[in-house]
Amino acid sequence: MMNGQGRVSPGSAAPAEERGCTWLNIWVFLIFALATKAAFVTLCLWLVLPLCHSSDQPSALQQQFSEWECDSAVPQGTDRSWTCCPKGWRRFQGSCYFLSLDKMNFAESAQNCSGMGSQLVVISSKAEQEFLSEQTKQPPKRVNVYIGLFAKKVGQWQWVDKTPYNVTAAFWREGEPNYFPGENCTVIHVPTEPPNNWNDIGSDLENHRICEAAAVIV
Ligand code: MMA
Ligand code: CA
């Protein structure tokens, strides 16, 4: 009996220790899980909140204009939305375009577009090129119109918004670019039959411009 109890005692002590260990593990696990969750939730809020706020904030374009023209559109979903451009701008496939009446050199043209919450136009499809060519032909008569394509080094064309220059979506006039010394900017040459109506031209020349901004969806 004594021996039996002696054997039983250590035997029953062992499960008690195992239980203690298990409870400790559970607490460690719970605390770890809570800490992980807290960290995750904090991270999510940091990531998501700025996005929520940014969509509430008016874009640079919105801040510059008080009069707007909007088109109703019902995209894939059921929610009706409005696509808006500042009054007097032209709308095409989610963008708004401004065709200037006045003329400036390239740097001033780029600056003027920025000041209106837009940038010199970046042409990325044949449809866009054809739309813009059509627009530039409308009165008043314009000859050369700056677009947002320039080269810091001869032949290294770049778009003002860092869109990669794609030779397959370039619309140079026959014989252009001819890299005449100092010709590091690009115009649409309106009298040339589209779509291939681009010419490289000097940045000091005063020309019309096309500015582009994303249309505002409300
Ligand atoms: C002008 C100028 C150039 C263009 C040639 C084409 C004489 O230079 O507009 O940019 O390439 O004409 O003849
Ligand atoms: Ca040229």
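Start by selecting Glu-176: does it count as buried or exposed? Its relative accessibility is 15%, and since buried means under 20%, Glu-176 counts as buried. Keep in mind that this is a predicted model.

**Stop one: the calcium ion**

Now show ligand 2, the calcium ion. Glu-176 (OE) coordinates it, along with Asn-178 (OD1), Glu-183 (OE) and Asn-199 (OD1), while Asp-200 gives both O and OD, at 2.1 to 2.5 Å. Look along the sequence and you'll find these donor residues spaced E-x1-N-x4-E-x15-N-D. Glu-176 sits in the loop between strands S7 (157–159) and S8 (185–189), and Asp-200 is in strand S9 (residues 198–201), so this pair ties together parts that are 24 residues apart in sequence. Click on Asp-200 as well: with a relative accessible area of 0%, Asp-200 is buried.

**Stop two: helix H4**

Next, select residues 126–137, which make up H4. At 1.5 Å a residue, its 12 residues should span 16 Å, and the end C-alpha atoms are 17 Å apart, which agrees. Colour the buried residues of H4, among them Phe-131, Leu-132 and Thr-136. What do the buried residues pack against? Their partners are strands S3 (90–92), S4 (95–99), S6 (144–151), S8, S9 and S10 (208–214).

**Stop three: Ser-100**

Finally, go to the loop between S4 and helix H3 (106–115), where you'll find Ser-100. Ser-100 counts as buried, at 0% relative accessibility. A polar atom of its side chain lies 2.7 Å from the backbone oxygen of Asp-102. Leaving out residues up to four places away in sequence, Ser-100 touches Arg-142, His-208 and Arg-209.

Notes. Residues are numbered from 1 along each chain as its sequence is written. Chains are lettered from A and ligands numbered from 1 in the order in which they are written. This is a predicted model: local features need pLDDT of at least 70, side-chain atom pairs count only at pLDDT 80 or more; totals for chains, interfaces and linings use all residues. Side-chain values use heavy atoms; hydrogens and water are left out. Donors are N, O and S atoms within 2.8 Å of the metal (3.2 Å for Na, K and Ca); water is not among the atoms, so sites may look incomplete. Helices (H or I, at least four residues) and strands (E, at least two) are DSSP runs, numbered from the N terminus. Buried means under 20% relative accessible area, exposed over 50%, partly exposed in between (1.4 Å probe, protein chains only). The expected span of a helix is 1.5 Å times one less than its number of residues. Contact means heavy atoms within 4.5 Å. A polar contact is a pair of N or O atoms within 3.5 Å; within protein, one must be able to donate a hydrogen and the other to accept it, and residues adjacent in sequence count only if both atoms are side-chain atoms.
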